[in-house]
Amino acid sequence: METLNINNPFGGSVFYIEQVNSTMDQARILLHNGVKTGSLIVADEQISGRGRGSGRVWHSQHGKNLLFTLIMHYENLPAALSLRTGLALARTVEEYIPDITGRIAIKWPNDVLVDSKKIAGILIEVDQDIIYIGIGINVGQTTFEPELQTKTNSIACIMDRPLEPEFRFLFLERILAQLFREFSTQNSNWHNELERYLYRRGEYVKFKVGSSESTLIAEGILQGINSTGSLCIINSSGEKSEFSSGELIFTD
């Protein structure tokens, strides 16, 4: 393991490892060994990278993308953390690809999409007063497994050109700057800004309520989010329900 010379506004070290089971698990080991919060671990490859929900994994080609976990104190972070992390990622993508406005979206609660294809995923795990913010973002990968080809995107695919090897870590610096901005400032406009990106807002949706194993489905028009980040859906009777856990599901 080595440290990278990357500007980290959170004040910790940026550790780099070529291969790891999971950056989430490695972050816990680093914290146990005495690294300070505000540090992060970046990997070229995860053998057992996991997604949100039981049995879900994050697929990524070796050395092509950004896979990292940021270690933070709970009390330093805002509400609706996953959504606001997505907001920071969406801003970063727009910095590099200005003409992408209108094509980028945040799928509640933890995915960033471009052209309705997933480009980034967020996983939040809590351990007492520590929060681990795991992020996977497709940067240089241009080919995907057959079952993912119609569902997955990357910076290189969007820009339609190969990216220089150093681009990954330059992009990481921009992400950290946007995360720091979102977490450390009183962004009273985050709610309105996020709704501008909200995937399927104003459309009819189906929503699986609760855990990934849940069989409870809500249907209606996705109105938006409330001030704490819960998803608001209006059913056919005009009644509004607010959901703090679950996921959008689509049949088309």
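Helix α2 is largely enclosed by the rest of the structure, because 14 of its 16 residues are buried. This holds for a predicted model. Helix α2 spans 23 Å from its first C-alpha to its last, close to the 22 Å expected at 1.5 Å a residue. In an α-helix, residues three or four places apart point the same way, because there are 3.6 residues a turn.

The loop between β4 (66–73) and α2 (81–96) holds alanine 80. Alanine 80 has a positive phi of about 55°, although it is not a glycine. Most residues other than glycine have a negative phi. Alanine 80 is also buried, at a relative accessible area of 17%. Buried here means under 20% relative accessible area.

Strand β7 supplies the largest share, 4 residues. By class, the lining of the second largest pocket comprises 14 nonpolar, 8 polar and 1 charged residues.

The bond runs from tryptophan 108 to proline 109, with omega near 0°. Most peptide bonds are trans. Proline 109 sits in the loop between β5 (104–107) and β6 (111–114).

Strands β5, β6 and β7 belong to an open sheet of 8 strands, in the order β1-β2-β3-β4-β8-β7-β6-β5. Pairing in this sheet is mixed. Strands of a sheet pair through backbone hydrogen bonds, either parallel or antiparallel. The edges are formed by β1 (2–3) and β5, each with a single partner strand, so one side of each lacks a neighbour in the sheet. Strands β2 (residues 14–20) and β3 (residues 40–46) run parallel and are joined by 6 bridges. Within this pair, valine 14 has leucine 40 of β3 as its bridge partner.

Strand β8 (residues 130–137) lies between β4 and β7 in the strand order. It runs antiparallel to β4, with 8 bridges joining the two. Phenylalanine 68 stands opposite isoleucine 135 of β8. Strands β7 and β8 are likewise antiparallel, and 8 bridges join them. Here glycine 121 has glycine 136 of β8 as its bridge partner. The hairpin of β7 and β8 has 2 residues between the strands. In this hairpin, glutamine 128 takes a positive phi near 55°.

Strand β8 is mostly covered, with 8 of its 8 residues buried. In a regular strand the side chains alternate between the two faces of the sheet. Both faces of β8 are covered. On one side, Ile130, Tyr132, Gly134 and Gly136 are buried. On the other, Ile131, Ile133, Ile135 and Ile137 are buried.

A further open sheet has 5 strands, in the order β12-β11-β10-β9-β13, with antiparallel pairing. Strands β12 (240–243) and β13 (246–249) stand at its edges, each with a single partner strand, so one side of each has no neighbour in the sheet. On average, neighbouring strands of this sheet are turned by 50° against each other, direction ignored. Strand β11 (residues 231–234) pairs with β12 over 4 bridges, in the antiparallel sense. Isoleucine 233 has serine 241 of β12 as its bridge partner.

Two loop residues complete the description. Serine 211 lies in the loop between β9 (204–209) and β10 (217–225). Its relative accessible area is 41%, and serine 211 is partly exposed. The C-alpha atoms of serine 211 and valine 42 are separated by 28 Å, the two residues being 169 apart along the chain. Aspartate 160 is found in the loop between α3 (155–159) and α4 (167–184). Aspartate 160 has a positive phi of about 55°, although it is not a glycine. Aspartate 160 counts as exposed, at 68% relative accessibility, whereas alanine 80 is buried.

Technical notes:
Residues are numbered from 1 along each chain as its sequence is written. This is a predicted model: local features need pLDDT of at least 70, side-chain atom pairs count only at pLDDT 80 or more; totals for chains, interfaces and linings use all residues. Side-chain values use heavy atoms; hydrogens and water are left out. Two strands pair if DSSP finds at least two bridges between them. Axes are lines fitted to C-alpha atoms, for helices over the stretch in contact, and angles run from 0 to 180 degrees between N-to-C directions. Buried means under 20% relative accessible area, exposed over 50%, partly exposed in between (1.4 Å probe, protein chains only). Ala, Val, Leu, Ile, Met, Phe, Trp, Tyr, Cys and Pro count as nonpolar, Asp, Glu, Lys and Arg as charged, and the others, Gly among them, as polar. The expected span of a helix is 1.5 Å times one less than its number of residues.
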